[in-house]
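Please keep the sequence and the structure in view while I talk.

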Amino acid sequence: MKPMILASALAILLVGAAGIESRAEAIPQAKMPFPKDAVTIKEASVDVTGDTRPDRIVLAGRPRKDNNIYYEKLYLGVEDPITNQIVSYDIEGGYSPSLEFVDVTGNKVPEIFISAETGGSGGIINYYLYTYRNKEIHPMPVPQGLDMSGALEDGYQARIYVRDTNQYTTIDLADRAKLYSDLGIYRNNQIVRPVSVMTSRSWQLLKPADPEGDGVYVLWGIQAIKGVANADTIAVAGSEWIWEPAGAGTWRLSRSNVIKYEPRRANGSIK
């Protein structure tokens, strides 16, 4: 793999990364087997079966009656352009659903990558990956976030431990000295009471990327690390994941790091 500083990759992720998306072509369209109150969110014409013919892919959702920007349920449909045979799959709902097509397995046939925001205060987004084979839509796993823990320490610092790599990172929190002292957490530069940082394996962001330019995608992810409150983001953890097709297939952690949270980098992506 070409050398790359993961911190730079984090900056790219934080401001967003474009996926591969195609608009539907003029092909005969059968009615998707979605509920009557479902609306089309995204539609594309992409070969997901590997037969070189573009298939019709539709992502639809059922809006909540009291909040039409939230979808109670999402629906994925794939139509064969020759036979008009359709298969569908139900997905958990959310806000601002997205639809992308990326080849993570390296077999030259793209998988279907879907995301939907949960709308919670933690800024968590749900991600889904699907492959089409044997005339069925099959879910694939997405990588779990890094397994982390940590605590505040003397000198206005946080020490973060990543179990996946057995590595520690120290984050300087001197810019929060007054806040933490006012809250009674520190006195005279010393920690008054133990405070664990808040970590989650949920993703703040998970985006496909093709660092080698060979058409095979990895997944770049970001997790937020909180200090004394949910609004107190002190660091972000970035990680790169590669699909290993051996056996049933699994995601392998390629590299990761933890860096201090800088609001100017986040561009609103991490809150």
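This is a predicted model: local features need pLDDT of at least 70, side-chain atom pairs count only at pLDDT 80 or more; totals for chains, interfaces and linings use all residues.

Asn84 is partly exposed, with a relative accessible area of 31%, where partly exposed covers the range between buried, under 20% relative accessible area, and exposed, over 50%, using a 1.4 Å probe and protein chains only. Helices here are DSSP runs of H or I with at least four residues, strands are runs of E with at least two, and both are numbered from the N terminus.

Residues are numbered from 1 along each chain as its sequence is written, and side-chain values use heavy atoms, with hydrogens and water left out.

Lys31 belongs to the loop between helix H1 (6-14) and S1, and it counts as exposed at 75% relative accessibility. Thr52 also has a positive phi, of about 75°, although it is not a glycine; its loop runs between strand S1 (39-46) and strand S2 (55-64), and its relative accessible area of 70% makes it exposed.

Stepping back to the whole chain, the protein has three helices and 16 strands, and 46% of its 271 residues count as buried. If we take contacts, meaning heavy atoms within 4.5 Å, between residues at least 6 apart in sequence, 50% of them join residues at least 24 apart.

Now to the interior. In soluble globular proteins, nonpolar side chains tend to be buried together. A nonpolar core, as I use the term, is a set of buried Ala, Val, Leu, Ile, Met, Phe, Trp, Tyr and Cys residues joined through side-chain atoms within 4.5 Å. The largest such core holds 39 residues, of which Leu152, Ala158, Tyr180, Ile225, Ile234 and Val258 touch the most other members. Among the elements that give two or more residues to this core are helix H2 (177-182), strand S14 (218-226), strand S15 (233-244) and strand S16 (250-260), and S15 gives the most, with six residues. Apart from this core lies another, of 20 residues, among them Leu59, Tyr71, Val87 and Tyr130. Returning to Val258, and not counting residues up to four places away in sequence, its contacts include Ile160, Val162, Ile171 and Ile225.

Which backbone atoms does the side chain of Gln223 reach? Gln223 lies in strand S14 and is buried, at 0% relative accessibility. Its side chain reaches the backbone nitrogen of Leu146 at 2.6 Å, and a polar atom of that side chain lies 2.8 Å from the backbone oxygen of Ser200.

Glu111, in strand S5 (residues 111-117), counts as buried at 1% relative accessibility, and its side chain makes a polar contact with that of Thr105 at 3.5 Å. By polar contact I mean a pair of N or O atoms within 3.5 Å, where within protein one must be able to donate a hydrogen and the other to accept it, and where residues adjacent in sequence count only if both atoms are side-chain atoms. The C-alpha atoms of Glu111 and Met140, 29 residues apart along the chain, are separated by 9.0 Å. Ser98, in strand S4, is buried with a relative accessible area of 19%, and its side chain makes a polar contact with the side chain of Ser115 at 2.5 Å. Leaving aside neighbours within four places in sequence, Ser98 is in contact with Leu59, Phe113, Ile114 and Ser115.
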